[in-house]
Amino acid sequence: MNQIKVIIIEDEPLARMKLAAFVERIPELVLEATFSDGKSALDYLGDAGERLIFLDIQMERFSGLQFLEALVNRPKIIITTAYEQYALKGFEYQVSDYLLKPYAFERFQQGVRKVLREIELERLQSRNEQAYILVKAEYKMEKLPLQDILFIEGMKDYLRFHLETHKVMTLSSFTSMEQQLPSDQFLRIHKSYMVSLSKITSLEKDAVIVGGHRIPIGKSYRDQFLQQLNKK
């Protein structure tokens, strides 16, 4: 993989230095620039392109949320903040990860690896080499591109895949799907539902909206779901 350019937006000098040092330890990353406020970074970026941005939320001049709202072409974003309450807000902006300060290099590396996987998948898709799974449906094997799957519905011994354009029924289990599907893209949130995290358009207290469908969040799955969002 070619190196990914990195922008750091952080108003605390020590935090900027820590991030810069962590970036230098990842061969796939190259530090392009650092900024102490979102406005300066926004003026610099223009067409953001394929970049990874580490973004602090609470900054005196032009906050991280203002920066997210102003972005037109969205690069990969990893939020870095000491305030847990911004996790769901960051999720609404479809950020790739959420680092809660203070974080160790191992947690930083985990977030970077997630972004690198996302970028690699997008590159494959742009070359029409879509990632997919094969399922048996009506005596034939059907290829289901991961990017087309909205959510999966459990129906006794069967699973119904809800895709962008159609539905597919297969004799299978959620246990099997959890082994086949990437865990950072698909998550079981109810005994009868697994959802594509990238397809969630809104989040309610006890449900998510995916493709116009309201999918409940089971009580026993709620903590895991929120942990996936918060990435603690």
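Start by selecting residues 4–9 and 51–56: these are strands S1 and S3, which run parallel and are joined by 5 bridges. (Strands are DSSP runs of E with at least two residues, helices are runs of H or I with at least four, and both are numbered from the N terminus.) Now click isoleucine 8; standing opposite, in S3, is phenylalanine 54.

You're looking at a predicted model, where local features need pLDDT of at least 70, side-chain atom pairs count only at pLDDT 80 or more, and totals for chains, interfaces and linings use all residues. Residues are numbered from 1 along each chain as its sequence is written, and side-chain values use heavy atoms, leaving out hydrogens and water.

Next, show the whole sheet: 5 strands, open, parallel, in the order S2-S1-S3-S4-S5. S2 and S5 are at the edges with a single partner strand each, so one side of each has no neighbour in the sheet. (Two strands pair if DSSP finds at least two bridges between them.)

Then pick isoleucine 26, in the loop between helix H1 (13–24) and strand S2 (29–35). Is isoleucine 26 buried or exposed? It counts as buried, because its relative accessibility is 1%. (Buried means under 20% relative accessible area, exposed over 50%, partly exposed in between, with a 1.4 Å probe and protein chains only.) Among the residues isoleucine 26 touches are Phe105 and Val112, where contact means heavy atoms within 4.5 Å.

Last stop: lysine 156, in the loop between strands S8 (149–155) and S9 (158–163). Lysine 156 is exposed, at 86% relative accessibility, and its phi is positive, near 55°. Most residues other than glycine have a negative phi.

How values were computed. Lists of a residue's contacts leave out its neighbours within four places in sequence.
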